[in-house]
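Me: Can we go through the aromatic contacts in this one? Please give me the cut-offs as you go.

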Amino acid sequence: MLTAEVALIGGGIVGSSIAYHLTAAGCRNVLVIERESSPGKGSTGKSMGGVRAQFSTPVNIQMSLYAIPFYASFEERLGYPCDYRPQGYLFCATTDKHMAYLRANYQKQVAMGLKNVQLVAGDEIRGRFPQLRGDDIVGGSFCSTDGFVDPYSAMTGFMLWAADHGATLLRNAAVASISQRGGGFEITTTREVVSARVVVNCAGPWAAEIARMVGITLPVEPLRRMLVPTEPFDQFPHTAPMIVDMSNGFHFRPESRGFLLAWNDPEETPGYKTDFDPAFIEKILMRAADRVPVFENLEINPKKAWAGFYEMTPDHHPILGESPEALGFFFANGFSGHGVMHAPATGRILSDLILTGHTDLIDASLLNFSRFAEGRMIHETAVL
Ligand SMILES: Cc1cc2nc3c(=O)[nH]c(=O)nc-3n(C[C@H](O)[C@H](O)[C@H](O)COP(=O)(O)OP(=O)(O)OC[C@H]3O[C@@H](n4cnc5c(N)ncnc54)[C@H](O)[C@@H]3O)c2cc1C
């Protein structure tokens, strides 16, 4: 039997960040349990890697205010790269209602200490990106410290640093059951039985299955998201930010010598669907060419497109902290499309809560599991 002070179930970017933060805070004997032969095969390896502080709820803004400087100094702190590219996020509003929404968000973001965010006029956007169809763009909001990271590199950096400082990664070990034993937990995996004082659920889209093992119904559902990379394309600048067309949610960013195209298909339904639907290409290209007419010339190789999961909660906010029903069992789940950008803050928050019972990074009660039963859901509308 293996013993651990803290066992983290799932070695994606969230489990890896928690392993890093716990280890950096002095916790010895952290064990990450991962069912795959190598981490990153869950949502983390499928992500678009966008990081932004342009949110509408204070708690999401606070988590990003920790994450973005963290990613900016990742290599300095950890000695591994995360490929942070501060190219910004540009939200383009096409209605006065959307512009009023961006203005209200901007005021909140600035009040909370976000620098480098600015409202921009339609003419500025048209001037900077004449390739955009700009006739209906009334304005927008841009933050230059938003941008992208390489999620796989960040996850690897967190895990390698933690392993260099005493944490252990147990691969090929699928958790099959968890039982509560004498103030701790016994975790049966396909490789080893693990005894741990504290368990953290970091199982991404599979979080509800892990919670069920301790008798908890966790409101986290997998929702398929598809991304379409293009072949090399030089008719749009590669220094561009993530550009979001608020009229329909289509967004894109430079990736390698081409672009990465994303759109939230409202017809998608929850479930473990991992196949990429070729019909999605036509749907997204229609929106791409509508906003960026030169995108009519894009070349797509459908074999390079992929699908992964968002881990959705009813209020699009993560569930963080200790279970009120199974003490010692913690959640780090339900990032609803923001798990990469919120992994650094999640690591810090979980490490604080496990080691001291308190965190000063956010008001942790806002994101606890009890909010659903107590009717305290928080709504984030800036979900892409
Ligand atoms: C197409 C797409 C685009 C995205 N774009 C962005 C973006 O731009 N910005 C952003 O911040 N986020 C984005 N996300 C979301 C982000 O990728 C996720 O929120 C994040 O990766 C979640 O990390 P995780 O570690 O919680 O989950 P995962 O990476 O899924 O890791 C969970 C791990 O748990 C393991 N596991 C599961 N069950 C068991 C078990 N029984 N036993 C042992 N191990 C188990 C899995 O093998 C997996 O490795 C995107 C997601 C997708 C799919």
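Reply: Rings of Phe, Tyr and Trp (its six-membered ring) pair if their centres lie within 6.5 Å; planes under 30 degrees apart count as stacked, over 60 as edge-to-face and the rest as tilted. This is a predicted model, in which local features need pLDDT of at least 70, side-chain atom pairs count only at pLDDT 80 or more, and totals for chains, interfaces and linings use all residues. Residues are numbered from 1 along each chain as its sequence is written, and side-chain values use heavy atoms, with hydrogens and water left out.

Me: ok, which residues do ring pairs link into a cluster?
Reply: The cluster linked by ring pairs consists of Tyr 20, Tyr 66, Phe 70, Tyr 71, Phe 74, Phe 158 and Trp 161.

Me: and how many aromatic pairs by this rule?
Reply: The count comes to 27 aromatic pairs.

Me: why is the pair of Trp 206 and Tyr 272 stacked?
Reply: The ring centres of Trp 206 and Tyr 272 are 6.4 Å apart and their planes lie at 5°, so this pair counts as stacked.

Me: what about Phe 252 and Phe 259, how are they paired?
Reply: Phe 252 and Phe 259 are edge-to-face, at 6.2 Å centre to centre with 65° between the planes. Phe 252 is buried (under 20% relative accessible area; exposed is over 50%, partly exposed in between, with a 1.4 Å probe and protein chains only), at 1% relative accessibility, and Phe 259 is also buried, at 1%.

Me: switching topic, which ring does the charged end of Arg 128 sit over?
Reply: The charged end of Arg 128 sits over the ring of Phe 142, 5.0 Å from its centre, where the rule asks for NZ of Lys or CZ of Arg within 6 Å of the ring centre and within 35 degrees of the ring normal.
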